[in-house]
Amino acid sequence: MEELMSRAGGKVPTRERLSQLAVSETGFIFDPQTGQSFSVNPTGLIVLDLLKRGSTLDVASNSLADRCGIPTEIASSSVEAFILQLGRYL
Amino acid sequence: MKATRPKGKSWQNYKVAVTGINARAENPGPGCAVARCIQEHPLFKGSIIGLGYDALDAGLYARHLCNNSYLIPYPSEGEEALLYRLAQIHKSEGLDAIIPCLDSELQNFGRLKSELQLMGISMLIPSRDQFNLRAKNHLSAFCESIDVNAPESKALSNPTFFDTCEKEGWKYPLIVKGIFYDAYIVHSAFEAKSVFAKLVSTWGYPVLVQKLVIGDELNLAAVGDGKGNMLGAVTMRKKALTEKGKAWAGVSIVDDGLTRVAERIIGALSWRGPLEVEVIKGYDGKIYLIEINPRFPSWIYLSHAVGRNLPVAVLKLLSGLTDLELSEPTSGTFFIRHAQELIVTLPEFETVLTEGRLAPQMVQDQIIRSA
């Protein structure tokens with residue numbers, strides 16, 4: 001996460017920011033700081049859940065690769081893209 | 001003259017008068033929401049007296065909110081007319097407290113505070129100095145004195161400013177505001193001058209112009225204890241607006257930055273009473289103070305919904321309680337405002353127009369007689 005932050009600058013949400021989010025089982029997300037709400041798909045929910053629990057990007061990518069049966073490289077780039085996308089909402 | 005309110009009377013049994021019970025859907029007064037907060041508190045056993053200015057103020061007829069209702073003179077008639085009318089109402093009702101809910105009436109109520117106190121009627125309202133310091137035309141100077149960001153603003157008495165303002169760095173769109181209420185975004189000198197004339201005819205001089213800040217609009221309602229402490233802040237983000245820019249949907253949030261700004265305001269003013277702090281959280285992350293309203297906002301029912309019933313907190317403070325039993329701030333509670341028709345019978349309307357009051361038994365009798 002920190003590595004991605006140094007590459008992408010301020011658009012990456014911090015762990016503290018992610019931990020504030022209220023996430024439902026269906027992927028509905030409420031940001032208590034801004035009042036904004038949005039939804040993530042099931043794979044996004046897997047990644048967000050792992051990151052909120054403190055997993056590193058590598059752990060989140062490997063876990064996503066295992067659960068979805070995709071190569072780790074694809075999972076890794078998908079996780080990075082997802083976090084950058086998330087940064088635009090937070 | 002001695003205070004008629006027995007010492008130690010519990011807030012739960014108070015007879016509370018509430019003003020601002022007009023309820024136009026696009027821009028309702030806060031009074032009905034204040035009354036609802038108090039009526040729905042499980043421990044409240046007293047009654048609410050609605051004080052309206054116009055026979056079409058909906059709260060006058062809202063039986064579930066106001067047990068009895070009265071018309072009072074418009075603020076422009078001055079404090080003597082108000083005192084005379086309040087004394088009449090007090091004789092019939094035996095009021096314990098008044099919660100004024102409109103900016104335009106607060107100065108009159110402020111001048112009558114001692115007289116009303118002697119009659120046994122308490123109010124938690126700001127002093128004249130506190131009221132004036134936070135006024136729209138003094139806001140920039142106040143913000144500078146407490147190191148809070150505010151959009152640049154100016155008090156105007158001449159609309160020709162709008163013809164040349166762009167040369168002086170005031171680029172359109174701008175916000176043009178009345179001294180008490182109303183704010184419009186204007187995109188040209190023509191539009192600005194038309195709004196200027198409208199605001200002068202409604203609210204008088206000066207008219208205020210403010211630079212537009214782009215960001216999210218956040219509002220915070222709280223109560224100041226008069227000693228510099230903020231009690232029970234509730235923060236809301238507007239989710240949908242009426243044409244007048246008022247919230248018709250919103251959600252409770254927790255924003256530490258805004259809370260700190262509000263604490264600084266209340267501390268600097270030693271604010272006494274309810275207030276609403278309106279800010280824009282700019283996309284640069286900074287908080288810009290837009291307005292400080294010296295009363296509860298019309299969305300105050302949200303405070304009851306999140307366990308921080310601020311109108312009841314005011315009653316508790318007036319009764320001398322210090323433990324307000326407020327829940328921790330929470331986020332994620334939504335409100336959606338909706339319009340609803342109140343049915344008013346001819347005898348009810350007639351009684352308000354001819355007698356300036358609406359007492360339930362009298363109306364009931366008239367209905368039975370006419371049946």
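V314(B) touches I99(B), L124(B), V223(B) and P274(B), once residues up to four places away in sequence are set aside. Contact here means that the C-beta atoms of two residues, placed from the backbone, lie within 7 Å. This is a predicted model, in which local features need pLDDT of at least 70, side-chain atom pairs count only at pLDDT 80 or more, and totals for chains, interfaces and linings use all residues. Residues are numbered from 1 along each chain as its sequence is written, while chains are lettered from A and ligands numbered from 1 in the order in which they are written.

V314(B) belongs to helix 11 (residues 310–318) of chain B. Helices (H or I, at least four residues) and strands (E, at least two) are DSSP runs, numbered from the N terminus. V314(B) counts as buried because 28 other C-beta atoms lie within 10 Å. The cut-offs, again with C-beta atoms placed from the backbone, are 20 or more other C-beta atoms within 10 Å of a residue's own for buried, 12 or fewer for exposed, and anything in between for partly exposed. The C-alpha atoms of V314(B) and A150(B), 164 residues apart along the chain, are 29 Å from each other.

Let's turn to A97(B), which sits in strand 4 (residues 97–99) of chain B. A97(B) is buried because it has 23 C-beta neighbours inside 10 Å.

The expected span is 1.5 Å times one less than the number of residues.

| Helix of chain B | Number of residues | First to last C-alpha | Expected span |
|---|---|---|---|
| Helix 8 (residues 189–203) | 15 residues | 20 Å | 21 Å |
| Helix 9 (residues 256–269) | 14 residues | 20 Å | 20 Å |

In helix 9 of chain B, the buried residues are L258(B), V261(B), A262(B), I265(B), I266(B) and L269(B). They lie on the same side of helix 9 of chain B because they cover an arc of only 130 degrees around the axis; the arc is that of the directions from the helix axis to the C-beta atoms. On the other side of helix 9 of chain B, D256(B) and R260(B) are exposed. The buried residues of helix 9 pack against several elements of chain B, including helix 5 (128–133), strand 9 (215–225) and strand 12 (272–282). S270(B), which follows helix 9 of chain B, has a positive phi near 50 degrees.

Now for a sheet. Strands of a sheet pair through backbone hydrogen bonds, either parallel or antiparallel. In chain B, four strands make an open sheet in the order 5-8-6-7, with antiparallel pairing; two strands pair if DSSP finds at least two bridges between them. Strand 5 (153–156) and strand 7 (183–186) of chain B are the edge strands, each pairing on one side only. From one strand to the next, the twist averages 25 degrees. Strand 6 (residues 174–177) and strand 8 (residues 207–211) of chain B run antiparallel and are joined by four bridges. L174(B) stands opposite K211(B) in strand 8 of chain B.

Helix 8 of chain B packs on this sheet, touching strand 6, strand 7 and strand 8 of chain B, and its direction makes about 20 degrees with that of strand 6 of chain B. Axes are lines fitted to C-alpha atoms, for helices over the stretch in contact, and angles run from 0 to 180 degrees between N-to-C directions. A192(B), V195(B), F196(B) and L199(B) are the buried residues of helix 8 of chain B. They fall on the same side of helix 8 of chain B because their arc around the axis is only 110 degrees. The face turned away from this buried side carries the exposed residues F190(B), A197(B) and S201(B). The partners of the buried residues of helix 8 are helix 7 (161–164), strand 6, strand 7 and strand 8 of chain B. Just after helix 8 of chain B, G204(B) takes a positive phi of about 80 degrees.

Finally, chain A has five helices and three strands, running α-α-β-β-β-α-α-α from the N terminus on. Of its 90 residues, 18% count as buried. Six residues of chain A are in contact with nine residues of chain B.
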